[in-house]
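Subject: Handover of a structure for your study

Dear colleague,

Please find below the structure that I promised to pass on to you.

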Amino acid sequence: MKNKKIRFLKVLIFFAPLFLLASWLIPGVPLAAVPANVPIKKIKIEGLYSISSDELIYLLCLRSSNVIVPENLARGIKRAFKKGIFEYISVGRDEDDPGVIIVKVREKDRIKDISFNVKGAGISKSFLKDNLIFKKRGFMRYDLLGKAEADLKEALSESGYPDARVVIRAARSSGKGKSPYRITLTVSVEMGQPVLIKAVQIVGRPEAEAGKYIKFAAGDVYDQYKLKAQINALQKYYVGKNYLNPSVGPYSFSQGVLYINVVPGARYETFFYGNHAIGKKALAALMPFSEAEAVRDDLVEEAVQKIKDAYREKGHPFVQVAPVLSEQDGGYIVKFHIFEDGKITVASVSFSGSTVPAKTLEEFLLLRKGALYNPDLIDTDRSNLQDFYASLGYLDASVPEPSVTKAGPNKMAITYHIAEGRKYLIGQVEVVGGGPVPAGLVKATLGLRHGDIYNEIDVTNARYRLLELYNGKGYAECKIGIKRDFSAPDTGVKLVYTIDPGQKFFFGKSVVVGNYQTKLKVVQREFLHKPGDPFSQKILLKERQKLYELGIFRDVEVSELPPYNATFDTVYRVAESKPGAVDIGAGYGEYEKYRGFLGLSYNNLFGMNRTGAINLEVSSIEKRAVLSYLEPWFLGRKLPFRATALFESRSQLNYDTRQVSYKLIRYSGSAGVEKKFTPNIKGQFYYEFSLVRTYDVVPGVVLSREDVGTLAISAIRPSIEYDTRDNPFDPRSGVLAGATFKLASAAFFSQTDFAKMVVRAARYQAISSRLVLAMDARVGLAEGLGQTTELPIEERFFLGGRDSVRGYTQDALGPKAPDGTPVGGNAFFVANLEFRQALTKDLGLVPFLDAGNVWPTIGQIRALDIRFATGLGLRYKTPVGPLRIDYGIKLSRREGESRSKIDFSIGHAF
Amino acid sequence: MRFKQILNITAAVLLVLAAAGPLKAAEKILDRTVAFVNDDAILLSELDARYIQAKRLTPDITLGQVLQTMINRQLLLVQARKIFPEPVSEDKALQEFTDLKIRAFVRIPEQAARNFYDQNKKQLGGVPFDSVKDQIERLLKEKEINRRLQAYLETLRGNADIKIFLENTPAIFH
């Protein structure tokens, strides 16, 4: 028995190595045939780091209990590669358990960080960064390592360090945050000795002149980047001085001496005589000599023509220009004698042979009554008229050269003799081969009816509408032809639209590329399609727009991969913006004195497009900290949820005496949701809780028991807003209207009960390209409920100052305490009118009229008590809205009040 | 006793290794990447199909050569698709791209044809220049197109991220 056992072990020892050899030395070669149609039972993934297993399985198109189809698998691997993060993917089947699929991936290495070790001074880190082909967060290309070193060395050599040594090493990231496929690059630079300049020699020009731009001196490092920039500046200087072909350089460097050749070449000067309508500077800018690097007779003729053209544009069609060209001291002098003649305007425009009213036709002309007469525009006007007649169905209309006659001193009369010809109407409209789209829908989309005026633009647009209809239904290759039959003009032009819908395509899978921080879900939830929906380019464009609007991507590209089985996979290539922002600023205000703020925000928390922000504000009278959080998709729906926590410590001052009226400490929190009902209508619902401690209150300011001590205010705040403004920062058209309601009640554990409502309506209307009329009206009403007779002071309305009634001190309107401190009221009305006149591209002038007041209660509102102010403001456009200075004058000034006030601010008053 | 112990331990170790060996190798590859060009993968199944096709025309062609051709084709195709997007077929897009980008710029001066004729007069059998001029020009043109195409491909390759994974390719390909 014992011997048998030993014999068995000996046999085992003999055969085991053979077994080992067979199984190890021929990897990948199956030991037994594996059935191909075994359904997937389990998927094992190895080597994946940067994306989730679910995303990889989705891209590979591997579904549990499905059988693997080789073509689909190949397509899946290729699709996954479009992510741009993989360098190897293999998909295999477990030999022992064929239902188990093994996916092995290897990702490309990404550069997590780049550190620079520089021995020796003289070069900045940013220089090294700019000249290094590898960038932080980019993919590592080991094949380019040598090139990167050589390029950097070359750049250092050019900047004066030819002996610099560069070594770049890549190391797998280590330490606590260790992650596969992430590497750190270390760039070690030994600068070596710089090449120093011993002397600079400018050859060909006085050194004093060139020295304004060539600023190298003995002892400087021979930095060729700087030198080239200075040479370019000198070259530009000579061109600006009318040198025809200035040559600065080549330069050479020998034994420490920098030699620079400077040959400015011939120079020209221009003189203009008799010019009044156009200035010398503007005429000089028309000269072609610098660009042609020569002064020749033909170029002088070209200059004459350009001057004439400029004069014709200014209403001087009969200008005469006499040039005189002479040479002097190796240069050229060109004199232009200009005989402007009078400024000619169009006295009248008349038409013959037209059934269309002259006034209508004149609207299409550049040369209308009162316009400057420029004969160069006549052909454009003829073409405009011809197009207009064609749009009316007069396809054969002829608009010959008009007759132009003198109609008095410096006036011209223009008469067009028009031959309208036949008016064409649309006859029969036929559709051939509409395919699966219902005929009624096709006809309705065409929008052309028997008896309509035949207009080529309408006919072509109808084709585009049809194409859009078919493309939107998945017929991406739809072809539509139009046949026009003019053979029977009496019955109208027969139109035949031939539609070949082609194959119907569907949406396939979507690959999202470049979302390194952002979760896939954030992109996917913006999609407007599902796999299997009819493919439409229009949907892709809308999705692109939606992704841009998230504010977390600086670039979004959407494309489709080559189709398979009538299906398009789509690729969304996004480039993420930096999610963090810091705002910091300081200022001085008349009321607040010194003030400063610091804002930190991050708009892609957890890669979910959630925004967190903290804002700190400090001034001589106030300390304020606000913590806010925004979740754009609340409860799995596109329902922005916002939560805010606030701390505020404030002293309210009497504006004139700067005595403290009261002090306030507030802890407040709010949370609520926003809902866009339509693109223009938005609703909000918030809950607010505030704990307010009011102290050091001047006796006259106290209106109720709530004005002193600590008070808990618990309220709900629903609101609705209608906004059609074209630009919220600087609107030129549209309406902004809305209502906000706030209800504080013991039912929500509030220590005070009240209801208040603010309603507003603003309208913006462009009167001309430079003038906008802006109007705004706001009304606020509040009422204490139950035991509460007066609202707490921080809930009352205040008015006056830069955003309400200008010319008055901030919050100064309405009821006041005996010491003159405003105490606010329960009702207000304010209306503003502005004429926003643009003076230049960035500068504007705004005359305004403001009216409004605050009353203690609703019952005490008196229309005759409304206070008025007028004034003038200056606006200067900035990216965050216009910089504003308003000078307001009180129109209903009372005794003891100042006459006027100046306000500074950013952004429009409304 | 000591010998028996050693025998037992060795047997046990070998058993474990023998059992573990086949487990490690027991994976049948269904498909995998053999190369990538930027974000485009070239798969074993594609290489397989191309290789079989190419072998029929050029029996001594190697797997590596076929793969290089596929890489070149992919590089050109990406450029071609920028000008000729879908639904133009791959072959047509490539053809039109090379015509537009390379062929259109190749001109063979008469002197070059004359020089070729003079250098190869003997091989051409002494036929007059005018009767073979067109053929010589065609030949030189194709040569020049080929040269420029190679140079263009070199540039594309220099800018592209390419990696090849031909190791462990089943023996059938070698």
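The notes below describe some strands and helices in turn.

This is a predicted model, in which local features need pLDDT of at least 70, side-chain atom pairs count only at pLDDT 80 or more, and totals for chains, interfaces and linings use all residues. Residues are numbered from 1 along each chain as its sequence is written, while chains are lettered from A and ligands numbered from 1 in the order in which they are written.

Helices (H or I, at least four residues) and strands (E, at least two) are DSSP runs, numbered from the N terminus. Two strands pair if DSSP finds at least two bridges between them.

Chain A: strands

In chain A, three strands make up an open sheet with the order β19-β21-β20 and mixed pairing. Its edge strands are β19 (506-513) and β20 (553-560), each of which pairs on one side only. Six bridges link β19(A) in the parallel sense to β21(A), residues 567-576; A:F506 has A:T567 as its bridge partner in β21(A).

Further along, β22(A) (residues 580-589) and β23(A) (residues 593-605) run antiparallel and are joined by ten bridges. They form a hairpin with three residues between them, and A:G589 stands opposite A:K593. β23(A) also pairs with β24(A) (residues 610-619), in the antiparallel sense over nine bridges. In that hairpin, four residues lie between the strands, and A:F606 takes a positive phi near 55°.

Chain B: helices

Axes are lines fitted to C-alpha atoms, for helices over the stretch in contact, and angles run from 0 to 180 degrees between N-to-C directions. Residues are in contact if their C-beta atoms, placed from the backbone, lie within 7 Å.

Helix α5(B) (residues 110-119) packs against helix α6(B) (residues 129-159) at an angle of about 105°, with the axes 9 Å apart. α5(B) is therefore roughly perpendicular to α6(B) (a term for angles of 65 to 115 degrees). Among the residues making this contact are B:F116 and B:Y117 of α5(B) and B:I136 and B:L140 of α6(B).

The axes of α2(B) (residues 44-57) and α3(B) (residues 63-83) come within 10 Å and cross at roughly 115°, so these helices too are roughly perpendicular. Their contact is made by B:L47, B:R50, B:Y51 and B:A54 of α2(B) with B:L63, B:V66, B:L67 and B:M70 of α3(B).

Yours sincerely,
A colleague

Key: Angles under 35 degrees count as roughly parallel, over 145 as roughly antiparallel, 65 to 115 as roughly perpendicular and the rest as oblique. Two residues are in contact if their C-beta atoms, placed from the backbone, lie within 7 Å.
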